[in-house]
Amino acid sequence: MTEYVLELKNINKYFGKNHVIKNVSMNFKKGDFVTFLGPSGCGKTTILRMIAGFYEPDDGEILLNKRNIERVPPYARNAAMVFQEYALFPHMNVYENVSYGLSVKGMGKAEMDEKVKKALTLMQLQGMEARYPNQMSGGQQQRVAVARALVMDPEILLLDEPLSNLDAKLRESVRVELRDIQRQMNLSTIYVTHDQSEALSMSDCIVVLKDGVVHQVGTPQEIYFEPKTAFVADFIGTTNLLAVKGVNAHEVRYEGVSIKTDKTVQAGKDYAISIRPECIGLSEKPVNGKVNVKTNIFNKMFLGEKVRYFVHDAAGKEWIIDVFDPGKKLLSGEVYVHFPDAKAWLIEESLTV
């Protein structure tokens with residue numbers, strides 16, 4: 001039987017007349033690193049704050065290790081949250097910031113010292129106990145905020161875009177550190193971001209949200225290669241979305257070109273397919289055994305390890321194709337895009353053109 005650390009059941013949240021979270025249900029396994037991903041205003045942080053206890057759901061249940069917590073105050077939930085702006089106490093040094101929650105609990109000094117030392121070591125902050133937040137870099141402050149959360153031995157760690165204030169290089173290194181620590185501790189973690197690369201590289205499970213609705217829950221590979229909706233396909237990375245029509249049980253057609261699918265489709269019904277740029281090849285002639293569409297190159301970008309081509313087909317549809325290890329020769333003019341049928345992922349909804 002699967003052990004769930006966190007269960008959300010039919011969660012709804014309103015701010016006035018605005019229905020911001022719409023009947024959300026999700027289960028998360030113990031020890032997983034789960035990312036909430038979506039555009040600004042999609043409801044990521046609202047759900048995180050309901051789990052932390054800063055908002056109460058208007059409907060539904062939140063269970064942490066089988067215990068209903070939706071009406072439990074934040075301090076009694078054993079769910080630690082790290083905020084985007086870190087929320088460190090400016091008048092306290094590193095030791096005081098990290099130990100604050102333990103001192104409020106009335107923990108003895110010896111035990112508290114041991115826990116703080118362990119947390120600071122994990123976050124590579126040894127020797128900085130006496131520093132104040134204004135004496136530290138953004139990356140160091142972020143580590144202090146995480147150490148303050150870890151020292152509480154939470155049942156679940158909640159991270160609200162904690163790396164967004166860091167520069168790109170530092171963000172990447174801290175991202176790796178966070179993931180390593182999470183794995184070492186087998187700590188159930190929910191991470192909010194709008195950065196797709198963070199979500200794909202860090203997560204065991206990704207939850208994609210839009211307008212308060214969960215569009216898909218799955219592994220990074222499932223989200224990327226097997227999107228359930230056109231929104232998910234388009235939001236995660238780059239893709240080519242084509243409007244197609246069912247021909248028979250396992251075949252759709254795009255502009256007269258047949259594409260086979262493992263899914264069952266209805267003749268005459270509109271669907272969409274998603275094809276990633278790296279799954280497509282370019283050639284001057286049709287390639288046997290593959291789907292071929294005649295196009296014209298109208299732009300290209302040499303990016304070192306690859307060339308990104310932009311082409312138009314006869315219907316005026318723009319395609320993006322990534323050709324890796326291209327060599328010195330660049331294609332131009334009329335070409336065929338080609339791909340295996342299996343690389344065209346069928347989405348069971350029509351595509352607005």
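I note that the model is predicted, with local features needing pLDDT of at least 70, side-chain atom pairs counting only at pLDDT 80 or more, and totals for chains, interfaces and linings using all residues. Residues are numbered from 1 along each chain as its sequence is written, and side-chain values use heavy atoms, without hydrogens and water.

**Helix α5**

I checked the length of α5, residues 168–185. Its 18 residues should span 26 Å at 1.5 Å a residue, and the end C-alpha atoms are 26 Å apart, so the two agree. The expected span is 1.5 Å times one less than the number of residues.

I then listed its buried residues (under 20% relative accessible area, 1.4 Å probe, protein chains only). They are R171, V174, R175, E177, L178, R179, I181 and Q182. These pack against β3 (33–37), β8 (189–193), α3 (109–122), α4 (138–150) and α6 (196–202).

**Whole protein**

I found 8 helices and 20 strands. Both are DSSP runs, numbered from the N terminus: helices are H or I with at least four residues, strands E with at least two.

Of the 353 residues, 49% are buried. I took contact to mean heavy atoms within 4.5 Å. Among contacts with a separation of 6 or more, 64% join residues 24 or more positions apart.

The C-alpha atoms fill a box of roughly 75 × 50 × 40 Å along the principal axes.

Notes
Buried means under 20% relative accessible area, exposed over 50%, partly exposed in between (1.4 Å probe, protein chains only).
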